[in-house]
Amino acid sequence: MTAAGFDGVERRGLMFVLSSPSGAGKTTLSRMLLEREPGLKMSVSATTRAMRPGEVEGRDYYFVDKPKFEQMVEQGELLEWATVFDNLYGTPRAPVEAALSAGQDVLFDIDWQGTQQLHQKASIDVVRVFILPPSADDLEKRLHTRAQDSDEVIRGRMSRATHELSHWAEYDYIVVNHNVDDAFAEVQSILKAERLKRERRIGLTEFVRKLQRQLEK
Ligand SMILES: Nc1nc2c(ncn2[C@@H]2O[C@H](COP(=O)(O)OP(=O)(O)O)[C@@H](O)[C@H]2O)c(=O)[nH]1
Ligand SMILES: Nc1ncnc2c1ncn2[C@@H]1O[C@H](COP(=O)(O)OP(=O)(O)O)[C@@H](O)[C@H]1O
């Protein structure tokens, strides 16, 4: 699980989690991060929910039926899984392990239940970021603007938002998504700072020893 940083110091890969009430902007911010941050790979979840217009199999989700999802659970293929809005969602284990061992960081768009499970399994490698909408009105407007869910589904998502929101204090960082560029800059700063943390940079001892030898000459 190692990656060379830009300064050549080897470090462990990290698991970068974005959670929020539905519609607060996780998907938007994830796409921006993936475009601009080399070395970051998206964990594509499996879900039993229906595909939305514009979604692509294998890019947004692996769309599976319930028996297939249950089989994945039984065979230990999921790193974590949970029921959200009456559908099942889970993180396939193999791609995450492969990315981390190839020295990549992995980005997760998962809910608080999945975040808790990941944190129990790999706490020091998990960075948890919670995205808040500026107001309930903005959240509702964003769900309508996205225009991908029926009014009934949007009502369900709004009522679940209160529940998702109640878990905000379990996260390491909180970003309020007023303006997408500002929110993105904040999320990107968190990733950059976390990549520099001493305890992840397992190559530091060797690097500093080398510096000391150079100074002693
Ligand atoms: N625990 C868990 N939650 C997931 C996973 N994939 C997606 N979710 C969460 O499921 C919720 C619903 O996702 P989705 O149906 O795509 O709607 P969205 O909230 O508008 O993005 C969101 O809170 C996601 O973060 C997963 O693999 N595990
Ligand atoms: N800062 C923002 N201001 C206005 N609209 C936004 C902002 N961030 C995201 N949106 C829009 O809100 C809708 C929901 O965002 P999305 O990223 O799909 O949320 P989530 O993945 O959290 O459900 C999308 O139409 C997106 O373009």
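Two strands pair if DSSP finds at least two bridges between them. Helices (H or I, at least four residues) and strands (E, at least two) are DSSP runs numbered from the N terminus. The model is predicted, so local features need pLDDT of at least 70 and side-chain atom pairs count only at pLDDT 80 or more, while totals for chains, interfaces and linings use all residues. Residues are numbered from 1 along each chain as its sequence is written, and chains are lettered from A and ligands numbered from 1 in the order in which they are written.

**Figure 1. The open sheet of four strands has the order β6-β5-β8-β7.** The pairing in this sheet is mixed. Strands β7 and β8 pair in the antiparallel sense, over six bridges. Glu-80 stands opposite Thr-91 in β8. β6 (62–63) and β7 are at the edges with a single partner strand each, so one side of each has no neighbour in the sheet.

**Figure 2. The largest nonpolar core holds 34 residues.** Such a core is a set of buried Ala, Val, Leu, Ile, Met, Phe, Trp, Tyr and Cys residues joined through C-beta atoms within 7 Å. A residue is buried if 20 or more other C-beta atoms lie within 10 Å of its own, exposed if 12 or fewer, and partly exposed in between, with C-beta atoms placed from the backbone. Met-15, Phe-16, Val-17, Val-106, Phe-108, Val-129 and Ile-131 touch the most other members. Among the elements that give two or more residues to the core are β3 (15–19), β9 (105–109), β10 (126–132) and α7 (180–195).

**Figure 3. Phe-16 has contacts beyond its neighbours within four places in sequence.** Two residues are in contact if their C-beta atoms, placed from the backbone, lie within 7 Å. Beyond those neighbours, Phe-16 contacts Asp-105, Val-106, Leu-107, Phe-108, Val-127 and Leu-191.

**Figure 4. A shell of 15 residues lies around ligand 2.** A residue is near a molecule if its C-beta atom, placed from the backbone, lies within 6 Å of it. Gly-25, Lys-26, Thr-27, Thr-28 and Arg-142 come nearest. Helices α1 (26–36), α5 and α7 each supply at least two residues of the shell.

**Figure 5. Arg-155 is found in helix α6 (residues 151–165).** Arg-155 counts as partly exposed because it has 13 C-beta neighbours inside 10 Å. Its C-alpha atom is separated by 28 Å from that of Gln-117, a residue 38 places away along the chain.
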